Amino acid sequence: MANNQSEIPDAIRGLSQDEAENIRREDNCMNVVHPPINCPAWACVVLPCINKIPSMKQFLQMTPFDAEVLRDSEWICYDPSSLVRGDVIRLAPRDIVPADCIILEVHGEEIVVDVSGVTGEPKPRIGTKKGGGDSIHVYYGSRVLQGSALAKVLQIGENTLLARMMKENKWPPSRKIGSNVSDGQYNTIGSEDDNTEMV
């Protein structure tokens with residue numbers, strides 16, 4: 001993660017702590033995605049084999065550990081569970097995307113994000129500095145392979161694509177779901193006042 005002294009682009013404004021708290025109260029949820037086998041913590045201690053089940057192993061590899069968020073005009077390293085809709089986050093190589101997001105600004109020539117663990121798409125998503133109006137969406141659990149970018153959080157926790165797919169027993173993906181994402185089955189990612197759809 002980069003340091004707090006990095007320049008913040010004029011056009012991009014993060015939330016204040018008060019705004020974030022208001023959104024958290026309004027949404028009444030934290031940015032937590034429950035594992036595919038949601039058992040009490042004591043069961044994982046008594047039955048450690050639960051974490052060896054393929055879907056649990058994959059889920060644990062996709063769980064973000066931290067998030068760099070712009071709050072009160074400063075970059076802060078947060079626990080990903082503290083993110084809210086509207087937060088601006090910074091993504092860097094090897095980061096696990098901590099929420100469903102849209103890329104706002106690419107630093108360098110491009111950002112490459114592997115979404116295959118969530119959607120089953122065989123090719124990574126690529127956002128370029130010269131992408132213009134191209135909207136690149138990335139999902140909770142995706143992995144940044146190269147490049148860095150600023151992104152806006154669109155959905156958190158149980159409203160993320162990954163959580164909704166698990167609820168519908170469609171994760172881990174056995175095939176590419178890209179057609180489902182664009183045909184409306186998984187396109188309600190934006191908030192009510194944000195008409196952005198995942199594609």
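Let's start with packing: the buried residues of helix 3 pack against helix 5 (161-167). Contact here means heavy atoms within 4.5 Å. Helices are DSSP runs of H or I, at least four residues, and strands are runs of E, at least two, numbered from the N terminus.

A word on the source. This is a predicted model: local features need pLDDT of at least 70, side-chain atom pairs count only at pLDDT 80 or more, and totals for chains, interfaces and linings use all residues. Residues are numbered from 1 along each chain as its sequence is written, and side-chain values use heavy atoms, with hydrogens and water left out.

Which residues of helix 3 are buried? In helix 3 (residues 54-61), they are S55, M56 and F59. They sit on the same side of helix 3 because they cover an arc of only 100° around the axis, taken from the directions from the helix axis to the C-beta atoms. The face turned away from that buried side carries exposed P54 and Q61. Buried means under 20% relative accessible area, exposed over 50%, partly exposed in between (1.4 Å probe, protein chains only).

Now the charges. How many salt bridges are there? Nine. The criterion is a side-chain nitrogen of Lys or Arg within 4 Å of a carboxyl oxygen of Asp or Glu.

R85 pairs with D27 at 2.8 Å, N to O. That pair links distant parts of the chain, 58 residues apart. R85 is buried at 15%; D27 is partly exposed at 23%. E26 joins D27 and R85 in a network of salt bridges.
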